[in-house]
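Subject: Structure for your review

Dear colleague,

Please find below the sequence and the structure that I am handing over to you.

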Amino acid sequence: MADPAFAQEAADTTPAIVDGLEEDRPDAIGTGLREAASPVAEEIHSFYELTLLPMKLLISFFVLGLLVWVMIRYNAKANPVPKRFSHNTLVEILWTGIPVLILFIIAIPSFDLLYLEDVMPDGQVHEYDEAPGQTEFQFANDFPASRMVKKERHLDVFAVRGEERRLLQPGDDFEVEGLGDENVLVRLENPLPAGERLRIVAGRARVGAKKALWLFGEDTTRVIEAPTLTIKATGYQWGWAYSYPDYGDFEFDALMAPPDATTEELYRLATTNDIVVPAGETVRVITTARDVIHSWAMPAFGVKIDAIPGRLNETWFQTDMEKTFYGQCSEICGKDHAFMPISVRVVSREEFEAWVDERRELEGMEPFFAGQELAAAESGEERQAALQQN
Ligand SMILES: [Cu+2]
């Protein structure tokens, strides 16, 4: 890329490579799917591996068998006088009926997946203070009627100790009362041991492999929490503009990093500015475009969503992996379509907050997170300490 304007823009922004952070990028000689980094990607992978792949192998080998059989049994030497019939009702019913059945089998889990990607998770987290001896915990089921928590499977109940959490089992460890009403009561069989707190995650977006469906393996389903952060991605010829409406709407452009600002492996993947998000939190992504249709795609998250001028689309992702992830515009949009990569850097909550404040400073705004600490600091000494920290 010898475009001087392009290089100039890149030089004004932060470097494309961050030392010490692992990268998730396509492998030049890879053949399988990229590692799944979000619940949606995990669901897509298990759908592919457990349903689509066996099905297509079965069909391929069946067709191959038919071909070989016809070649051997009905060649001119083995079968000198061919039969002259042109119809067979049974065969025609079978080759219509069986494919329809196969499409049904594929369609049902696909609709589940589309719904999961399309509907924003709304899991609410209810945290309780450590309460020795307490067995009854109440929370408000204040969802809109269509999203109300109505079944036991809409709840995950955890015992939390520091960073660790233990999933409690319905029936064995706790009972629930009032599902579908405004007040829900979780009654523990036994009070939690000292040092453990209760956390309830309530919501209807649920992911993970279900035991009932696959009859084997672990039940890894869980409720997905509501987004804590929104990012708006605007595609244009040829780059992406991102803004963070929750933190003062600061905005930046992410163009393809020029060759001298990145490594050989990351050239055409790295951008001049990564999107930065906190690990473990649900992120809402809103997409739109300024000129023609683009598509914001991040394979590791199972996300591919069109960015359409004059419209807003939304989807979400969530990942626990602290890495830099790479994706690309996936809707052919003009001559430089292949040069509009997407990069997402997933960091800890603290690093994310520091980054937000840095970004805000670049746009002449007061710090958001450090500002809170300052406001909370009561004494002059605390204030001094908070200032020094930042
Ligand atoms: Cu594009």
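The notes below describe a helix, a metal site and a residue in a loop. Please bear in mind throughout that this is a predicted model.

**Helix α3 and the annotated regions**

Helix α3 runs over residues 89-118, which makes 30 residues. Where the helix starts, the backbone nitrogen of L90 has a side-chain oxygen of N88 within 3.1 Å.

Which residues of α3 are buried? They are S110, L113, L116 and E117. The buried residues of this helix pack against α2 (39-73), β9 (206-207) and β18 (313-317).

The UniProt record, an unreviewed entry, carries the annotation "transmembrane region" for residues 53-72 and 93-116. In the model, residues 53-72 are 100% helix and 0% strand, with end C-alpha atoms 29 Å apart. Residues 93-116 are likewise 100% helix and 0% strand, and here the end C-alpha atoms are 35 Å apart.

**The copper site**

Four atoms coordinate the copper ion: ND1 of H294, SG of C329, SG of C333 and SD of M340, at 2.1 to 2.6 Å. The angles among these 4 donor atoms are 96 to 128 degrees, and the site is tetrahedral. For four tetrahedral donors, the ideal angle at a metal is 109.5 degrees. Along the sequence, the donor residues follow the spacing H-x34-C-x3-C-x6-M.

Are H294 and C329 buried or exposed? H294 has 0% relative accessibility and therefore counts as buried. C329 has a relative accessible area of 5%, so C329 is buried as well.

**Residue M120**

M120 is placed in the loop between α3 and β2 (124-127). Its relative accessible area is 12%; because buried means under 20%, M120 is buried. Leaving aside residues up to four places away in sequence, M120 touches R147, P227, R284, E314, T315 and W316. M120 and I224 are 104 residues apart in sequence, yet their C-alpha atoms are 9.4 Å apart in space.

With kind regards,
A colleague

Key. Residues numbered from 1 in each chain as written. Predicted model: local features only at pLDDT ≥ 70, side-chain atom pairs only at ≥ 80, totals over all residues. Heavy atoms only, no water. Helix = DSSP H or I, 4+ residues; strand = E, 2+ residues; numbered from the N terminus. Expected span 1.5 Å × (residues − 1). Buried < 20%, exposed > 50% of the residue type's maximum accessible area, 1.4 Å probe, protein only. Contact = heavy atoms within 4.5 Å. Polar contact = N/O pair within 3.5 Å; in protein donor to acceptor, adjacent residues only side chain to side chain. UniProt positions renumbered as here; feature names shortened; annotations may be inferred. Donors = N, O, S within 2.8 Å, 3.2 Å for Na, K, Ca; no water. Tetrahedral: all angles 85-135°; square planar, octahedral: opposite > 155°, others 65-115°.
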